[in-house]
Amino acid sequence: MIHIKNLSKVYKTKKGTVSGVDNVSLTINEGEIFGIVGYSGAGKSSLIRCMNLLEQPTSGEIEVNGLDLTKLSGEKLRKARLKMGMIFQHFHLISQKTVGENIAFALKAANTPGKRINERVEELLEMVSLSDKKDVFPAQLSGGQKQRVGIARALANNPSVLLCDEATSALDPNTTLSILRLLKKINREFNITIVLITHEMNVVKEICDRMAVMQDGKVVEHGEVYDIFSDPQTELTKEFITSVVSFDVPKPILDACTGRILKVLFRGDVAGEGVITDTVQQFNIKGNFLHGSIEYIQERPLGLFLMELKGTDDDIYQAISYMEKRGARVEVIENGI
Ligand SMILES: Nc1ncnc2c1ncn2[C@@H]1O[C@H](COP(=O)(O)OP(=O)(O)OP(=O)(O)O)[C@@H](O)[C@H]1O
Ligand SMILES: [Mg+2]
């Protein structure tokens, strides 16, 4: 539903040109929640702002619902953009207007008939659980409540796409979770496609279906969130994933290990602990768990265990082959983790 083809954005500054987005091609499917991660300056905001032409791309195409936005202008472009809501890290609410007026503002911009405006404001406030805040000003709201108003405003004109630029970055972990749940509910109930920029892998893990990793204006990796978490291809992605799935074993404990240290990963429905128990029973080896965790990503388990195996090289080799046959991915760690 969103096809980005060879998109580039070059900024012209007094000091010369700066590349924001560098030849990105990406497809975002209808109804999915798509995460874009990357460090500061990677080009995430530039890319998402090009998606609704808030930023004019230097070259390339952006097709949304079958229309190439870069070829539209005037009324047609305005109409297409109304179908793309956007929320921001710092909410961007109008401080002199009440919550209700902030939302009504977006409805007026789309020429909604006066009679319908109040009714729609009430509906939207109910959707974001803020019915009692209609007449208060943004300054009287918490960060989470302000973002809920931002969401209500973004949804005012029934968009098919919701673009979120670091929408939870200014919020504490609990509030972040409640906003993410609200986004997921909106996605599922109204089949709104959500594109979500974040630098937090926990956010991606919580709600995204697919994701892309950006660096220097380019997409360096993209795919299903579960696949990327269980089998990252680039060093950058591995670094991001470490924040969610990682081992932190004290060095003295590792130094005291005399056997082979293995990192064992189980994807999907393979019962990891069961396979490890069977392995230790079947082969002439001793196993010692150093660390273990099961993360649930898209409601699918991803098991990661760090263990020490003691035995002859041959027995250990056979044990590893057996675990691999049962669906594990095994990596022998040579020099620490
Ligand atoms: N309006 C602008 N004028 C000039 N350069 C810009 C402009 N906006 C962004 N850039 C540059 O484009 C590159 C990408 O910036 P962008 O804001 O898209 O990154 P980002 O991934 O969103 O970073 P952050 O996580 O800090 O928000 C950076 O080098 C930035 O300095
Ligand atoms: Mg940004």
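Predicted model: local features only at pLDDT ≥ 70, side-chain atom pairs only at ≥ 80, totals over all residues.

Colleague: Which residues come nearest to ligand 1?

Modeller: A residue is near a molecule if one of its heavy atoms lies within 4 Å of it. Around ligand 1 there are 14 residues, of which Ser40, Gly41, Lys44, Ser45 and Ser46 come nearest. By class, the shell has four nonpolar residues (Ala, Val, Leu, Ile, Met, Phe, Trp, Tyr, Cys and Pro), two charged ones (Asp, Glu, Lys and Arg) and eight polar ones (the others, Gly among them). At least two shell residues each come from β1 (2–13), β2 (16–28) and α1 (44–51); helices (H or I, at least four residues) and strands (E, at least two) are DSSP runs, numbered from the N terminus.

Colleague: Which N or O atoms lie 2.8 Å and 2.6 Å from an oxygen atom of ligand 1?

Modeller: A polar contact to a ligand is a pair of N or O atoms within 3.5 Å. The side chain of Ser45 has an N or O atom 2.8 Å from a ligand oxygen, and that of Ser46 has one at 2.6 Å. Gly43 contributes a backbone N or O atom, 3.0 Å from an oxygen atom of ligand 1. Taken alone, ligand 1 exposes 630 Å², and the protein buries 61% of that (accessible areas by the Shrake-Rupley method, 1.4 Å probe).

Colleague: In what order do the strands of the sheet with β1 and β2 stand?

Modeller: Two strands pair if DSSP finds at least two bridges between them. Here the open sheet of four strands runs β2-β1-β4-β5, with antiparallel pairing, and β2 and β5 are the edge strands, each pairing on one side only. β1 and β4 (59–64) share five bridges; Lys5 is partnered by Glu61, and His3 stands opposite Glu63. Glu63 also stands opposite Asp68 in β5. The hairpin of β4 and β5 has two residues between the strands, and Asn65 in the turn has a positive phi of about 50°.

Colleague: How does α1 run relative to β1?

Modeller: Contact means heavy atoms within 4.5 Å, and angles run from 0 to 180 degrees between N-to-C directions of axes fitted to C-alpha atoms, for helices over the stretch in contact. α1 lies across β1, β2 and β4, at about 120° to β1.

Colleague: Why is one side of β12 and of β14 left without a neighbour in the other sheet?

Modeller: That open sheet has the antiparallel order β12-β13-β11-β14. β12 (286–297) and β14 (328–333) are at its edges with a single partner strand each, so one side of each lacks a neighbour in the sheet. Neighbouring strands are turned by 20° against each other on average, direction ignored. β12 and β13 (300–310) pair over 11 bridges, with Gly292 opposite Phe305. Helix α12 (313–325) packs on this sheet, touching β11 (260–267), β13 and β14, and its direction makes about 150° with that of β14.

Notes
Residues numbered from 1 in each chain as written. Chains lettered and ligands numbered in written order. Heavy atoms only, no water. Polar contact = N/O pair within 3.5 Å; in protein donor to acceptor, adjacent residues only side chain to side chain.
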